[in-house]
Amino acid sequence: MSGTGRKYFGTDGVRGQVGVAPMTPDFVMHLGWAIGKMLSDSGFAGDKVIIGKDTRISGYMLENAIAAGLSAAGMDAHLLGVMPTPGIAYFTRTFHAAAGIVVSASHNVYSDNGIKVFARGGIKLPDAAEQEIERYLELPMKVVESAQLGKLYRIPEARGRYIEFCKNAVMLGLPFERLKIVVDCANGATYPIAPEVFRELGAQVIVMNAEPNGCNINAGAGSTAPESLQRRVRDEQADAGIAFDGDGDRVVMVDRNGRLRDGDAILYIIAKYRAFKGEQLNNIVGTKMTNLGLERALNNMGIVLHRTDVGDRYVLECMQEIDARVGGENSGHIICLDRNSTGDGIIAALQVLAAMLEMEQPLHQLVADLHMAVQIMKNVEVADKSVVNKPAVQQALQQATEKLGDAGRILLRPSGTEPKIRVMAEGHDEARLHAIVEKLAAVISREE
């Protein structure tokens, strides 16, 4: 059972090891039918659904299974082939489709796969709709009459259309030819898209990890393993490095000195760039893990940081509630709602490159006044994650928080996917933070 209270859907769709329930072809076909039946019963009978995938070898099997299920429910499927997740959101919106389906396990290993669903408009499916799909999954598949079966189409020139969309996310005429960049595609869904976006804008592009074979997605590459990109940027004396995850909704960057710049740094640059352009952002949405240094830097700019639970869906929900245009996570999920309806790694990277060009500053100088706090985190394995609510743990947390005062913050967070409690302390006195984390971890272990 997922942490969301649903049987199959977690915080980012249905995900697991291929060949093991629920990531089996028969279940995925049933899931396609359940999605189609939910849509049909909601007034979208006979409408189209967009399907895209990353480069995992299992994507061939699962995209066909999901399409077969949709057809059985009377829904047409339009296949994009390999396409970054934000590209699938874009086509869902521009094709006025009833839904968009992503066959991807994002930054996971190749032997995993998953199904994510976008609602009409290219936004993450709300909880109520996922619960409704799970209700249909409890029912046996019932195929519509033959004349009502859904058809299967391919969208011509999908990659070229998405490349043009990304290019239009920045002002035309910027001198991208001044930039030499290294792009790490993680052998994932951005490999046929991202290098062309940057090349067509005029940049000199050196490409890494853009030869997917179905089994090398995220393997020592991309945003979760940027070390080789850091070395390559230094060796090539490039202006910046850009690393995506397997499905292209995350991005981290590397400055010319080889230093990694995560999602928090990217959010700060976007905020500075928007202010430079005369666009004041009053609110930015982050998560409980967003660095305290970013929060203080944004406050100095007159911007309020709103924190949510970890997960881009929670960031998006908060952005919609408070009408914020920019939000994201330190992992590199960056959402610019005035550019796309979901996190888009290519568009976020373009915002940073445009800032470098228009503000005439290298990447490292754009974050020179961003003073990140030290974050110390320890994972404590537990049998029952509710141990965080025990009086002794809460008392220890309160004492540590009072002792730290305004010098930082402390967070106890049950993992959403593992039997662990994440203990995090943040501030500027590293030795003091280590002591706090070790003491809280010991209390949790003792009470467990």
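H306 counts as partly exposed because its relative accessibility is 24%, where buried means under 20% relative accessible area, exposed over 50% and partly exposed in between (1.4 Å probe, protein chains only). The model is predicted: local features need pLDDT of at least 70 and side-chain atom pairs count only at pLDDT 80 or more, while totals for chains, interfaces and linings use all residues. Residues are numbered from 1 along each chain as its sequence is written, and side-chain values use heavy atoms, with hydrogens and water left out.

H306 belongs to strand 14; helices (H or I, at least four residues) and strands (E, at least two) are DSSP runs, numbered from the N terminus. Leaving aside neighbours within four places in sequence, H306 is in contact (heavy atoms within 4.5 Å) with N283, I284, V285, G286, C318 and I322. N283 and H306 are 23 residues apart in sequence, and their C-alpha atoms are 7.2 Å apart in space. Their side chains are joined by a polar contact of 2.8 Å. A polar contact is a pair of N or O atoms within 3.5 Å; within protein, one must be able to donate a hydrogen and the other to accept it, and residues adjacent in sequence count only if both atoms are side-chain atoms.

Strand 14 pairs with strand 13 (residues 283–287) in the parallel sense over five bridges, two strands being paired if DSSP finds at least two bridges between them. T308 in strand 14 is the bridge partner of T287. Both strands belong to an open sheet of four strands with the order 14-13-15-16 and mixed pairing. Strand 14 (304–308) and strand 16 (334–336) stand at the edges with a single partner strand each, so one side of each is left without a neighbour in the sheet. On average, neighbouring strands of this sheet are turned by 20 degrees against each other, direction ignored.

Helix 10 (residues 312–322) lies across strand 13, strand 14, strand 15 (326–328) and strand 16, and runs at about 155 degrees to strand 13. Axes here are lines fitted to C-alpha atoms, for helices over the stretch in contact, and angles run from 0 to 180 degrees between N-to-C directions.

Helix 9 (residues 292–300) has L292, G293, L294, A297 and L298 as its buried residues. These pack against helix 8 (263–276), strand 13, strand 14, strand 18 (409–414) and strand 19 (420–427). The N-terminal end of helix 9 is capped by N291, with a side-chain oxygen 2.7 Å from the backbone nitrogen of G293. Just after helix 9, G302 has a positive phi of about 80 degrees.

Aromatic residues come next. The whole structure holds six aromatic pairs: rings of Phe, Tyr and Trp (its six-membered ring) pair if their centres lie within 6.5 Å, and planes under 30 degrees apart count as stacked, over 60 as edge-to-face and the rest as tilted. F91 and F95 form an edge-to-face pair, 5.8 Å centre to centre with 65 degrees between the planes, and both are buried. The pair of Y162 and F165 is stacked, because the ring centres are 5.9 Å apart and the planes are at 25 degrees. Y162 and F165 are three residues apart in helix 5 (residues 158–167), which means a separation of about one helical turn. Y162 counts as buried at 0% relative accessibility, and F165 counts as buried at 14%. Y90, F91, F95, Y162 and F165 form one aromatic cluster.
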